[in-house]
Amino acid sequence: MLRLIEGAGFSIALATIGGIIGFILAVGLASARYFAVPVAAQVAVVYVEFVRNTPLIVQLFFVAFGLPMLLGYAWPFWAHAALALTLNFSAYFAEILRAGLFSIAKGQIEGARALGLPTLLLYRKVIFPQAVAAVFPSLNSQFIFLFLTTGIVAEIGVPDLTNAGLYIDSRTFRSFEVFTVLTIMYVVIAVGFKVVLSLLQRRLFAWQASR
Amino acid sequence: MTDAFVSILGKPYGIVLAQLLTATQYTIYLTLIAFLGGGLIGAVVATAKITTSRTARTLASGYIWLFQSVPLLMLLFLLGLGVPRLIGMNINSWLAASVALTLYASAYLSEVWAGAVNGVAKGQWEAGFALGLRFRPVLWTIIAPQALRLAIAPTVGFMVQIIKGTSLAYIIGFHDLMTIGRRWANAPVPGTEPFVIFPLMALIYFCLCFPLSKLSRRLERRLGAVHGADKTAAG
């Protein structure tokens, strides 16, 4: 049981790292496309499409086994897992953010321009906050969905929740019970994330309620 | 088929690529099974979700919630390892993988379809009723055709999700792309670079998925614009 709780903590930590760094990367990717930065925008398109159209497990193996073989480095397994999840999350978030950025009403941009706001400030103060607020619910549900896929990292031997379950299963052979408990734990954590994120939403975007 | 690849690519790579493509067929079969099975159950659940009966709606919502909250990996473990040990009998990996993916697909497809029906403007229902039609004719002659427009794009898009989902089936012994890939990475074929397998697998999945997601986005732009469709998409 202790192992399961440790595993759950690991899974939560991994998903949180992936979520936060992935979001930061996604801001870069989506911004590159929004401003149509030459080269960067095209790279972002190819990257997002590639990540979104290949299974996470292939990406995980590529990051955990392929890249180290190719470049000749060795990281701890959890770092590979974190990197793979971060890359995976970033592509999905970038696609949602991009949709948000392009959905901002023209009038908002024209209004800010009329006030003489320079482009970057306009982006940071007017467009970006509204875009994030608009797509925050989608980001939330995408994050929950991605969290549910993180069990895959158990495949490279990282001590996450699934891995803990598999360990217990291999000791007890009570597979049905073990995986039922595991499933319930995933669902509970997902609901927990949902609650935290909706609280966060209410705090971050309090101004939205008054519109 | 193997001979053709060997003659084009030379020995080690030709054999491996031929193996990979053979395994890709299983990926495609599994996707189709899950899509058809999931579509069938999904249609039933979606119908339950849009009826006027509150019990049916609650049950349908519960079903969708349950199978969307349970990780696919856990469904596979439960059906591939859990149930066989519970009943003390082996389950074929085809069967276990198909059932798990079907359940997974049914939850998402039913939500997409029920969402599409709800996406049709309320006035359409009212207009139908005002003409004196009953629930069922209104649904089939007025609402369903409009809902279909909204549903096609996300349905095609969800196929991508299923294809990617099949990659997990190898953990319960399903012989697909991943199995070959892992075997090659663990025990490299002499004369090959083992890391090549990962980009190669990624490329095969990409070739399966990308046309579908492209198609889905095109359809969305062509069909969804009419009524200003809800732009949320699962996954």
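**View 1. A salt bridge between B:Arg85 and A:Asp169, whose side chains meet at 3.2 Å, N to O.** A salt bridge here is a side-chain nitrogen of Lys or Arg within 4 Å of a carboxyl oxygen of Asp or Glu. The pair joins two chains, because B:Arg85 lies in helix H4 (residues 72-87) of chain B and A:Asp169 in helix H7 (residues 161-172) of chain A. Helices (H or I, at least four residues) are DSSP runs, numbered from the N terminus. B:Arg85 is partly exposed, with a relative accessible area of 38%, whereas A:Asp169 is buried at 6%. Buried stands for under 20% relative accessible area, exposed for over 50% and partly exposed for values in between (1.4 Å probe, protein chains only). The model is predicted: local features need pLDDT of at least 70, side-chain atom pairs count only at pLDDT 80 or more, and totals for chains, interfaces and linings use all residues. Residues are numbered from 1 along each chain as its sequence is written, chains are lettered from A and ligands numbered from 1 in the order in which they are written, and side-chain values use heavy atoms, with hydrogens and water left out.

View 2. A:Glu95 counts as buried at 10% relative accessibility, while A:Arg98 is partly exposed at 21%. Salt bridges with shared partners join A:Arg33, A:Glu95 and A:Arg98 into one network.

**View 3. The salt bridge of A:Arg174 with A:Glu177.** The side chains meet at 3.0 Å, N to O. A:Glu177 is partly exposed, its relative accessible area being 35%. Over all chains, the count comes to 5 salt bridges.

**View 4. Packing of helix H3 (residues 54-69) against helix H5 (residues 93-119) in chain B.** The helices pack at an angle of about 125°, with their axes 9 Å apart. Axes are lines fitted to C-alpha atoms over the stretch in contact, and angles run from 0 to 180 degrees between N-to-C directions. H3(B) is thus oblique to H5(B); angles under 35 degrees count as roughly parallel, over 145 as roughly antiparallel, 65 to 115 as roughly perpendicular and the rest as oblique. B:Tyr63, B:Ile64, B:Phe67 and B:Gln68 in H3(B) meet residues of H5(B) including B:Leu103, B:Tyr108 and B:Glu111, contact being heavy atoms within 4.5 Å.
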